Amino acid sequence: MSDEKDEKVERDEKGEPGNRLRKELPEEVPAAAPEAPAETPEEKARLTGRQRLVQGLWPPRVSRAQLIVAVLLFGLGFGLAVQVASNSDSDSALRGARQEDLVRILDELDDRTQRLEDEKQGLQKQRDELENSSDQAEEARKQTVEKERQLGILAGTVAAQGPGITMTIDDTKGTVQADMLLDAVQELRAAGAEAIQVNGVRVVASTYLSDSGKSVSVDGNKINAPYRFKVIGKPEDLEPALNIPGGVVQTLEKEQATVTVERSDKIVVDALRAAKRPDYARSSSQ
């Protein structure tokens, strides 16, 4: 009887037999995950060079100074790339030129070099004459008069004549613009032109060209096609300079304009410009 009573009491307390024994046992503790053993110096030594490089570079640790240097280097590289590309574009025309065109360009460069050398020798001769002349005052006066005449031609205040060329641009389509004529003026000056006149307007250092409808204005004077350039200079230098590949003549012909260039032993440039006194500039010798 006592055993049945004890069993009943045990059932009443836990609801099923055996719970009393589980209560007395300690709770289960989950097993901890085994820790990864630290790398020993021998294991570190077994890492390859590439693995050590990756560990050193990643994650990246960039300072502010390093970032600024990187940006500057990128800008420098980009500028060099643009410069190389522009030089490649300018050289592409020469690479595609014919052999006779390249020879002509080289001859033109030689002529320009020779002109500069002649100018240098002329200045040295003037210096020697001033140093060796018995009457230096008279020699200086002669050179002053000659220099005044030369400057008058460049300034357009006196007429000039001499060998040169006549270039006529017939623009029936009205496609020739002021910048094309300006390119012609600059090319002629680079080839040694000493006096230029366009449709009765003297071209000087301060000359500007602008579009005026389907016509062109030179220093505010409207001129119409055909455009006639009267140029004094060495014809053997002026004409080839206009006919170089990709030069003035080819550019105008692409615009459906007709260009003719004629050499002459005597070109008269008689359009004059009034002498203008500068408002602010003064001679430093005063």
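**Entry 1: the largest pocket.** I kept in mind from the start that this is a predicted model. I began with empty space, since rolling a probe the size of a water molecule over the atoms shows where such space is left. I found that the largest pocket has a volume of about 1100 Å³. It is lined by 33 residues, and I noted that those closest to its centre are E119, L154, G192, A193 and E194. I then looked up which elements give two or more residues to this lining, and they turned out to be α6 (99-132), α7 (136-155), β1 (160-170), α8 (178-190), β2 (195-198) and β3 (201-203). The largest share comes from α6, which provides nine residues. When I sorted the lining by class, I wrote down 15 nonpolar, seven polar and 11 charged residues.

**Entry 2: the second largest pocket.** I looked here next and noted about 240 Å³ of space. The residues lining this second pocket include L154, A155 and T157, as well as V204, A205 and S206, and also R273 and K276. By class, I recorded six nonpolar, two polar and two charged residues for its lining.

**Entry 3: the nonpolar cores.** Which residues touch the most other members of the largest nonpolar core? I found that, of the 31 residues in this core, they are I169, L188, I196 and F229. At least two residues each are supplied by β1, α8, β2, β3, β5 (215-218), β7 (227-232), α9 (235-242) and α10 (248-254), and α8 gives the most, with six. Apart from this core I noted another one, made of six residues, among them I153, A195, I267 and V269. I went back to L188 and listed its contacts, leaving aside neighbours within four places in sequence: I165, A193, I196, F229, V231, L238 and L242.

**Entry 4: strand β1 and its partners.** Eight of the 11 residues of β1 are buried, so I described this strand as largely enclosed by the rest of the structure. I counted 10 bridges joining β1 to strand β8 (residues 258-269), with the two strands running antiparallel, and six bridges joining β1 to β7, again antiparallel.

**Entry 5: helix α9.** Is α9 mostly covered or mostly open? I found it mostly covered, with six of its eight residues buried, namely P235, D237, L238, P240, A241 and L242.

Entry 6: I located T168 in strand β1 and noted a relative accessible area of 17%, and because buried means under 20%, T168 counts as buried. Not counting residues up to four places away in sequence, T168 touches P226, Y227, R228, T258, V259 and T260. I then turned to V259, which is found in strand β8 and is also buried, at 13% relative accessibility. With the same exclusion of residues up to four places away, V259 touches M167, T168, I169, V249 and L252. Lastly, I looked up V259 and Y227, which are 32 residues apart in sequence and 9.6 Å apart in space, taken from C-alpha to C-alpha.

Definitions and conventions
Residues numbered from 1 in each chain as written. Predicted model: local features only at pLDDT ≥ 70, side-chain atom pairs only at ≥ 80, totals over all residues. Heavy atoms only, no water. 1 Å grid on protein atoms, 1.4 Å probe; cavity = no way out; pocket = protein on both sides within 12 Å on 5 of 7 lines; lining within 4 Å. Points joined across faces, edges and corners; volume = space filled by probe spheres on them. Helix = DSSP H or I, 4+ residues; strand = E, 2+ residues; numbered from the N terminus. Nonpolar A, V, L, I, M, F, W, Y, C, P; charged D, E, K, R; others polar. Core = buried A, V, L, I, M, F, W, Y, C linked by side-chain atoms within 4.5 Å. Buried < 20%, exposed > 50% of the residue type's maximum accessible area, 1.4 Å probe, protein only. Contact = heavy atoms within 4.5 Å. Pairing = 2+ DSSP bridges.
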